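Colleague: I have a model open on my screen and would like to learn how to read it. Could you walk me through it?

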Amino acid sequence: MKLYLRYVSVLLKSQMQYRTSFILVTVGQFFIPFFMFISVLLLFQRFSTIAGWTLYEVALCYAVINISSSLSECFARGFDTFSMLIVRGEFDRILVRPRTTLLQIFGTKFEFSRIGRLSQGFIALIFSLMYLDVSWDLYRVLTLLLMILSGTFIFTGLYILGATLCFWTVEGLEVVNILTDGGRNFAQYPLSIYQEWVKKFFTYVIPFASVNYLPLQYLLNKANGNLLAHMLAPILGILFIIPCILIWNFGVKHYKSTGS
Amino acid sequence: MIEVESLSKSFKVAKRSAGIGSAVKSLFNPQYSVVNALEDISFQIDEGEIVGYIGPNGAGKSTTIKIISGVLVPDSGKCKILGNTPWENRIKHVKNIGVVFGQRSQLWWDLPVIDSFNLLRDIYRVPEGEYRKTLNLLISILDISSLLTTPVRQLSLGQRMRCEIAASLLHNPKILFLDEPTIGLDAVSKIAVRNFIKTINQERKLTVILTTHDMNDIEALAERIILIGKGQILLDGTLTDLKKRFASHKIVKVDFTENTKSINIEGVKILNRSKESMALSVDLDVIKVSDAIGFLAKDLDILDVSVHSRPVEEIIVDLYKVYQI
């Protein structure tokens, strides 16, 4: 962990060598998803609820997913651009150093400009919390934090899976963006508004349901049955990273390296 | 110290002919051919040796280095380096080794050199006191104190290479892998790098494995060479052995007072001749150099004699020819 912080401070130093471009990208990162949030607002101008969810409820869901997706983009950017490491042969370098490959790849990149998107997520969160009629107790706050954490883990796991594919294809595959970007776009809304197969996919294959739908029901007093199960559902999302890491380690053994 | 036993590795390479048509075809029906990069490679290296690992492009040099440095997993074979198998105990193994890939930097491009060094200290968990000591030593022998605060991207290639080598030794490894360390360097930097490798090898008993295409590197550094071609070890011996085996001729150059008498000595071939000098090739299997000079002295009034061995470069070219690689 100490080493990770050292990596981040080194990357921050490097980043500061290019200050102007950093500021522009950060601002851009704020506005692109901001317009998406506007479109959510416009949607609710036409329809007051979607499948029984109000604007502020959807905004909460939107905020959680966007915060966790931008957090994972900050931390796990190295996996998103992992094909570059392979193409440039830098993964060889990582393998001859006495630390785990995962830690070192987390340390290759830290996308500071995602602070733009992150703050946009927080604005959506504040907006929803201001208007939502929910009494916030300790359990709810904990669940909310757990949701964000869990989402970050799921997105990170997806990035790791995508990077693993590079061991076989060398070039990065856009396929994974369907899962990360697509997953984010789907999971911005409560999953109950979608068709059955979409729900099933995002529950059993990629457990976004454990981040948004299930704990969201608990937060908003919509849950039936076992409340504890709804509260702790995000933990399943966190566990999603374990198979991802196992698959990654399997992939490393199949690394072929490039050039001389 | 390093034991490698019947290491083999093959790669699947996608076959594709030129043109868009075949590119599309290969997308749906990829054809592969198997390339045996390494076939049954075995060798042993002892502590303190400097070994030159040579061979033409594509012979399997880099593949070997990558396997024994823990980057690649071989198809079969054994390898023990200080008790570790590189691809099984990667993290333990790489603590003992330093690696310089001549064409790839291990320093952080945008940062001053010293920042990279400090980060490496943390990566390798080098205790502060030991780190200071090693760093000071490296700075003084490699003469890099003035470079430490310069961002890596502003260094010249020669300066960068000196910093790269320093970076690979900060954690006091017992083995150093150098993959083409002098590639692209000017003469002064080349000699500086060679001298340094020699010094550090003697002072610390550092084992060095060196791949290069520059035979001067080999001549200056390596006592032992391993020649690899088409994935197999063709020759493993000292440089002197190699010279004896493949340099059966010496070149003798003679200056003399003007003379046009014809020279005919068995085992001696005249390469070129002018009125006052000539160059001869002496076949050592037939005649000794001293005898040949003796015969010459009878006919000529010799002013100066010099004896040359064939350059290693030429010997290696011959070797490649002999083994058809």
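Colleague: Which domains does the domain assignment of chain B give?

Modeller: First, a word on the ground rules. This is a predicted model, where local features need pLDDT of at least 70 and side-chain atom pairs count only at pLDDT 80 or more, while totals for chains, interfaces and linings use all residues. Residues are numbered from 1 along each chain as its sequence is written, and chains are lettered from A and ligands numbered from 1 in the order in which they are written. Now, domain bounds come from an automatic or database domain assignment. For chain B that gives domain 1 (45–243) and domain 2 (248–309). Their C-alpha centres lie 44 Å apart.

Colleague: What radius of gyration does chain B have?

Modeller: The radius of gyration is taken over C-alpha atoms, and the globule rule is 2.2 Å times the number of residues to the power 0.38. A compact globule of 325 residues would come out near 20 Å, but chain B has 25 Å. Its C-alpha trace spans about 75 × 55 × 40 Å along the principal axes.

Colleague: How many helices and strands does chain B have?

Modeller: Helices (H or I, at least four residues) and strands (E, at least two) are DSSP runs, numbered from the N terminus. Chain B has 11 helices and 13 strands.

Colleague: And what is the strand order in the open sheet of 6 strands?

Modeller: Strands of a sheet pair through backbone hydrogen bonds, either parallel or antiparallel. Here two strands count as paired if DSSP finds at least two bridges between them. In chain B the order is S5-S6-S7-S3-S8-S9, with mixed pairing. Strands S5 (97–101) and S9 (232–238) of chain B each have a single partner strand, so one side of each is left without a neighbour in the sheet. From one strand to the next, the twist averages 15 degrees. S5(B) pairs with S6(B) (residues 175–179) in the parallel sense over 5 bridges, and Val100(B) has Leu178(B) as its bridge partner in S6(B).

Colleague: Is Gln159(B) buried, exposed or partly exposed, and where is Gln159(B) found?

Modeller: Count the other C-beta atoms, placed from the backbone, within 10 Å of a residue's own: 20 or more means buried, 12 or fewer exposed, and in between partly exposed. Gln159(B) is found in helix H6 (residues 157–169) of chain B. With 19 such atoms within 10 Å, Gln159(B) is partly exposed. Across the 325 residues of chain B, buried residues make up 34%.

How values were computed
Axes are lines fitted to C-alpha atoms, for helices over the stretch in contact, and angles run from 0 to 180 degrees between N-to-C directions.
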